[in-house]
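Reader: Please take one residue of this model and describe its surroundings closely. I would like the cut-offs stated along with the values.

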Amino acid sequence: MRVLLPVPRDHERFSPSRLLLQSQFETLQRVSQVLARSLDFQQTLREVLRTLEISGHLSRGMVSVVDPDAGDLTVHAVHGLESDEFAAVRYRPGEGCSARSSKAAAAARSPASATSRAFSTGSASTTRDLPFIAVPIQVGGALQGVLAVQPDEPDDGLLEERLASSKCWPT
């Protein structure tokens with residue numbers, strides 16, 4: 001006698017949303033491993049951004065840190081660039097997507113960064129036809145900086161899911 005087991009439908013097993021969720025979970029695990037390995041701040045930032053690109057398909061990552069005296073965001077790491085290439089980049093409160101995200105202490109996103117000057121990063125590292133995500137980095141409830149990334153692909157209808165998972169990485 002033959003027993004037939006139900007087989008998941010392809011659209012259930014391989015839905016874009018489900019595949020994205022699996023990829024995001026793996027990326028979160030890898031980012032956690034990177035954070036646990038090193039106490040060198042700059043090296044850790046570079047490795048986190050590299051991991052987000054390789055595992056999470058989130059390119060052109062950038063980390064900005066709040067200057068406690070001026071309230072500006074200063075860029076501390078940009079994936080693929082050396083520090084002397086972005087050392088002078090600062091955002092005043094409300095300037096660019098990263099600064100708007102920090103001012104509101106909430107995540108911000110744009111379907112394509114070219115659609116609004118507010119989502120400009122001030123860096124040549126962004127690609128204007130790709131979505132842009134910026135999430136605040138908070139420690140103990142206090143804003144410390146902003147993580148900004150761009151998905152590798154144009155908006156595929158999953159930008160909100162990417163935004164939701166991105167909120168997990170910098171906390």
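Author: Ser32 sits in helix H2, which spans residues 16-37; helices here are DSSP runs of H or I with at least four residues, strands are runs of E with at least two, and both are numbered from the N terminus. The model is predicted, so local features need pLDDT of at least 70 and side-chain atom pairs pLDDT 80 or more, while totals for chains, interfaces and linings use all residues. Residues are numbered from 1 along each chain as its sequence is written, and side-chain values use heavy atoms, without hydrogens and water.

With a relative accessible area of 40%, Ser32 is partly exposed, a class lying between buried (under 20%) and exposed (over 50%), with a 1.4 Å probe and protein chains only. The side chain of Ser32 comes to 3.0 Å from the backbone oxygen of Leu28. Val48 is 16 residues away from Ser32 along the chain, and their C-alpha atoms are 8.8 Å apart.

The helix that holds Ser32, H2, also packs against helix H5 (residues 159-166), at an angle of about 20 degrees and with 11 Å between the axes. Axes are lines fitted to C-alpha atoms over the stretch in contact, and angles run from 0 to 180 degrees between N-to-C directions. H2 and H5 are therefore roughly parallel, the term for angles under 35 degrees. Ser17, Leu20 and Gln24 of H2 make the contact with Glu161, Arg162 and Ser165 of H5, where contact means heavy atoms within 4.5 Å.

In the chain as a whole there are 5 helices and 6 strands, and 42% of its 171 residues count as buried.

How values were computed. A polar contact is a pair of N or O atoms within 3.5 Å; within protein, one must be able to donate a hydrogen and the other to accept it, and residues adjacent in sequence count only if both atoms are side-chain atoms. Angles under 35 degrees count as roughly parallel, over 145 as roughly antiparallel, 65 to 115 as roughly perpendicular and the rest as oblique.
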